Amino acid sequence: MQTYKQPISILIVIYTAALDVLLLERADFPGYWQSVTGSRDGEETLRETAIREVAEETGLEATRYALTDWRVQNVYDIYPRWVHRYPPGTTHNTEHVFGLQLPQQVPVQLSPREHLRYQWLPWNVAADKVFSPSNRAAILQLPERIQHG
């Protein structure tokens with residue numbers, strides 16, 4: 001039986017106090033880099049989705065760090081290459097943006113079926129490397145969103 005994704009997703013920009021950003025290279029789209037993303041499962045809250053996706057994609061426990069709902073929503077056309085993953089007739093996705101601030105760069109454990117490699121880059125370099133316009137916009141907001149602790 002086909003299980004479709006919900007057209008409700010999260011984007012989590014993982015960054016350090018020094019504004020280095022973690023990027024992941026997609027396994028199903030080599031050469032395309034992004035932050036952690038994922039669709040909501042069942043009735044989980046957006047925060048629960050963010051925590052689960054960070055764990056699945058990086059092995060990091062998001063609750064150990066500063067996880068913030070940026071209260072930004074992006075509605076966009078689902079990329080044609082992925083539209084088959086959604087219920088028939090679904091053309092748009094609503095993405096909710098979160099930030100996860102770590103004290104410094106840490107090694108991550110990738111999910112091999114989702115990502116090939118990771119890298120930490122300065123925020124301005126990372127913004128230019130991601131393929132998604134909403135991911136780029138979120139990274140460019142980092143200097144004003146940084147939480148000094």
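**Exercise 1.** Find which residues His-96 touches, leaving out residues up to four places away in sequence.

*Solution.* Start with the cut-off: a contact means heavy atoms within 4.5 Å. By that rule, His-96 touches Ile-8, Ser-9, Ile-10, Leu-11, Leu-46, Val-72 and Gln-73. Finally, check its cover: with a relative accessible area of 12%, His-96 is buried (buried means under 20%, exposed over 50%, partly exposed in between, using a 1.4 Å probe and protein chains only).

A quick word on the ground rules: this is a predicted model, where local features need pLDDT of at least 70, side-chain atom pairs count only at pLDDT 80 or more, and totals for chains, interfaces and linings use all residues. Numbering runs from 1 along each chain as its sequence is written, and side-chain values use heavy atoms, with hydrogens and water left out.

**Exercise 2.** Work out the order of helices and strands along the protein chain.

*Solution.* Count first: the protein chain has four helices and seven strands. These are DSSP runs numbered from the N terminus, with helices being H or I of at least four residues and strands E of at least two. Now read along the sequence, and you get β-β-β-β-α-β-β-β-α-α-α.

**Exercise 3.** Describe helix 1 and say what its buried residues pack against.

*Solution.* Helix 1 covers residues 46–58, 13 residues in total. From first C-alpha to last it reaches 18 Å, close to the 18 Å expected at 1.5 Å a residue (the expected span is 1.5 Å times one less than the number of residues). Its buried residues are Thr-49, Ala-50, Arg-52, Glu-53, Val-54, Glu-57 and Thr-58. Those buried residues pack against strand 1 (8–16), strand 2 (20–26), strand 4 (36–39), strand 5 (66–77), strand 6 (92–102) and strand 7 (115–122). Just past the helix, Gly-59 takes a positive phi of about 80°.
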